[in-house]
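Thank you all for coming; I would like to walk you through one model, going from a single side chain out to the cores, the helices and the charged pairs. Please keep the structure in view as I talk.

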Amino acid sequence: MNRNTAASKRLLVADIGNTQMVFGLYEGDQLLSHWRLSSERQLTPDELAWQLHGMFEQSDQPATDIDGILIASVVPHLDAPLAAACERTCGIKAAFVGSSEIKTGMAVDYKNPREVGADRIVNAVAARERFGAPVIVLDCGTATTFDIVSPEGHYAGGLILPGIEISLKALCKRAAKLPEVSIIRSETLIARDTASSMQAGSYWAAVESYRGIIRRLREQPGYESAPIIATGGLISLLNNDLPEINHHEPFLTLTGLLLLADRHFQPS
């Protein structure tokens with residue numbers, strides 16, 4: 001393999017979320033392997049190194065044949081253990097989105113740009129690259145976020161609301177007589193037992209709130225025809241009831257990380 005061409009670079013990227021860590025191993029723009037691990041706050045460098053080692057072993061990929069590692073994390077407790085585990089497993093230091101060395105190439109209109117989650121910026125970068133500007137990203141994970149790229153290509157801001165699973169868990173926790181139930185797609189609005197009523201209420205509340213927010217965003221001047229790009233672990237559950245979605249991109253965050261990593265890790 002020619003390691004001096006950008007197309008042959010092997011890059012490991014990681015999206016560290018509040019519930020899961022998603023890893024992607026790329027060669028050029030080809031996604032060779034991807035893995036999901038639990039984002040347990042107490043994981044030590046040793047435990048993370050074992051998990052990384054296992055990922056590479058399982059995929060029959062050499063862990064030390066990596067040209068760069070880029071991480072977007074919204075779980076600060078895991079940053080240091082994960083950096084140590086990457087260096088131990090792959091033999092190179094990881095870079096983090098949000099550090100001064102990583103340039104996103106996107107102006108951020110937030111009052112304090114450092115408040116914006118790394119994953120939200122990465123999603124916006126990927127969406128602008130693939131679909132142009134303006135564009136709206138809907139990310140359904142632990143939290144649900146809307147990230148707006150302005151007609152000028154800036155990160156304009158967005159909305160953050162409780163994810164559908166968080167809402168349902170809060171309902172179970174705060175109402176003593178309600179059972180614990182998992183979220184599913186409900187076929188009916190008029191449920192005939194408590195568990196189904198909770199599931200129907202949570203599901204359709206999420207669908208209608210997302211549709212309403214999209215409608216209001218598209219009423220903003222300049223955003224009338226902005227495409228809606230959907231991603232996140234829970235979007236596959238909701239996708240069929242959100243006709244406003246133009247594109248479903250399950251690996252949008254990894255795609256954005258690859259774009260940034262490819263610019264950052266240049267052959268020496």
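Predicted model: local features only at pLDDT ≥ 70, side-chain atom pairs only at ≥ 80, totals over all residues.

Let me begin with a question: does Ser 202 count as buried or exposed, judged by its relative accessibility? Ser 202 counts as buried, at 12% relative accessibility, where buried means under 20% relative accessible area, exposed means over 50%, and partly exposed is what lies in between, with a 1.4 Å probe and protein chains only.

Residues are numbered from 1 along each chain as its sequence is written, and side-chain values use heavy atoms, with hydrogens and water left out.

Ser 202 lies in helix H5; helices here are DSSP runs of H or I with at least four residues, strands are runs of E with at least two, and both are numbered from the N terminus. Not counting residues up to four places away in sequence, Ser 202 touches Ile 164, Leu 168 and Ile 183, contact meaning heavy atoms within 4.5 Å.

Two of those names lead us to helix H4, residues 164–174, whose buried residues are Ile 164, Leu 168 and Cys 172. Seen down the axis of H4, these buried residues fall within an arc of 70°, so they line one face of the helix; the arc is that of the directions from the helix axis to the C-beta atoms. The face of H4 turned away from this buried side carries the exposed residues Lys 169, Lys 173 and Arg 174. On the buried side, the packing partners are strand S8 (155–162), helix H5 (194–218) and helix H6 (235–238).

Let me turn to the cores. In soluble globular proteins, nonpolar side chains tend to be buried together. By nonpolar core I mean a set of buried Ala, Val, Leu, Ile, Met, Phe, Trp, Tyr and Cys residues joined through side-chain atoms within 4.5 Å. The largest one here has 30 residues, and Val 13, Leu 70, Val 97 and Leu 257 touch the most other members. Among the elements that give two or more residues to this core are strand S1 (10–16), strand S4 (68–73), helix H3 (118–131) and helix H7 (252–264), and the largest share, 7 residues, comes from H3. Leaving aside neighbours within four places in sequence, the contacts of Leu 70 include Val 13, Val 97, Leu 257 and Phe 265. There is also a second, separate core of 29 residues, which includes Phe 146, Ile 183, Tyr 223 and Leu 234.

How do H3 and H7 meet, and at roughly what angle do their axes cross? Their axes come within 8 Å and cross at roughly 85°, the axes being lines fitted to C-alpha atoms, for helices over the stretch in contact, with angles running from 0 to 180 degrees between N-to-C directions. That makes H3 roughly perpendicular to H7, since angles of 65 to 115 degrees count as roughly perpendicular, under 35 as roughly parallel, over 145 as roughly antiparallel and the rest as oblique.

Now to the charged pairs. A search of the whole structure finds 11 salt bridges, each being a side-chain nitrogen of Lys or Arg within 4 Å of a carboxyl oxygen of Asp or Glu. Arg 10 forms one with Glu 27, with the closest N and O atoms 2.9 Å apart; this pair links strand S1 to strand S2 across 17 residues. Arg 120 is buried at 5%, and Asp 147 is buried at 0%.

I will finish with two backbone details. Most residues other than glycine have a negative phi, and most peptide bonds are trans. Asp 60, although not a glycine, has a positive phi of about 55°; Asp 60 sits in the loop between helix H1 (45–58) and S4, and is exposed, with a relative accessible area of 68%. A cis peptide bond, with omega about 0°, joins Ala 133 and Pro 134, and Pro 134 is found in the loop between H3 and S6.
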